[in-house]
Amino acid sequence: MEALLCRKIGDPTTTPNASEDSPLTFSTSHPIPELKSPNAVRVRVKATSLNYLNYLQILGKYQEKPSLPFIPGSDYSGVVESIGPKVSKFKVGDPVCSVASLGSFAQFIVADESELFRVPDGCDLVAAGALPVAYGTSHVALAHRAQLSSGQVLLVLGAAGGVGVSAVQIGKAYGAVVIAVARGAEKVQFLRSLGVDHVVDLSEGSVTESIRGFLKGRKLKGVDVLYDPVGGKLTKETMRLLNWGAQILVIGFASGDIPVIPANIALVK
């Protein structure tokens, strides 16, 4: 089968097979994974998404470090190609999606039937391939950890990225007042098309002043939930906008900078 292999730790942006320095190589003859348990299901991959954790894995900076060589990839969608003798939930031809720790950047992947979700009729398989990681992350964060409710103010940093967009959409579905932060006119326009209540362009002016102006205009006291996949100085800046008893959802550090949160700000919030 075809598969993208990480053969050594290195820069994921290097073109596969470009040189010996490239950590990635594209194989056209990688072994098809076998069904090693009676509950195993082999899926022919239709779509798989690229997430920040895949980037970190190839760099060798993710908390879980797989043995080399490995096939990167996490969430995916596809069609059931083969099933073990005790599989009862799926049959060959069923559309499914799932998330794996590794292995989705390939034509085939094997999973236990308990790890698979059936894709509903009418749902695009390509869209389903980006569902589990981004939307799973945001749903757990907003629905279970923050217990977001209608009327609360949700501030989403990095709002035009994968988890950012999912947080925006889930926030709107819950009836929250959603403020989104992104960089560039194209991303701002996209976020407005999602129904965001207020969008801040990082490339134009002060983020905190823009949000304060919006909150004042709506007669809102502050941000109730901060969804932060970015980190860095933006975390410290936006903490000053938090309402009393607000919640901070630490999703990641896409900026590359893990923020040191000033205790004096937390003290008064």
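**Exercise 1.** Which residues does H198 touch, not counting residues up to four places away in sequence?

*Solution.* The model is predicted. Start with the location: H198 lies in strand 10 (residues 198–201). Next, list the contacts. H198 touches V178, I179 and A180, and also S210, I211 and F214. Finally, check accessibility. The relative accessible area of H198 is 18%. Buried means under 20%, so H198 is buried.

**Exercise 2.** Determine how many disulfides the structure holds, and examine C97.

*Solution.* A disulfide is a covalent bond between the sulfur atoms of two cysteines. The cut-off is a sulfur pair within 2.5 Å. Now take C97. A search of the whole structure gives zero disulfides. Then turn to accessibility. C97 has 5% relative accessibility, so C97 counts as buried. C6 is buried too, with a relative accessible area of 0%.

**Exercise 3.** Find the aromatic pair and classify its geometry.

*Solution.* The structure holds one aromatic pair. Its members are Y52 and Y55. Two values describe the geometry: 5.9 Å centre to centre and 15° between the planes. Planes under 30 degrees apart count as stacked, so the pair of Y52 and Y55 is stacked. Now place the pair in the fold. Y52 and Y55 are three residues apart in helix 1 (residues 52–59), so about one helical turn separates them. Last, accessibility. Y52 is partly exposed at 39% relative accessibility. Y55 is partly exposed at 33%.

Terms used. Residues numbered from 1 in each chain as written. Predicted model: local features only at pLDDT ≥ 70, side-chain atom pairs only at ≥ 80, totals over all residues. Heavy atoms only, no water. Buried < 20%, exposed > 50% of the residue type's maximum accessible area, 1.4 Å probe, protein only. Helix = DSSP H or I, 4+ residues; strand = E, 2+ residues; numbered from the N terminus. Contact = heavy atoms within 4.5 Å. Phe/Tyr/Trp six-rings, centres within 6.5 Å; stacked < 30°, edge-to-face > 60°.
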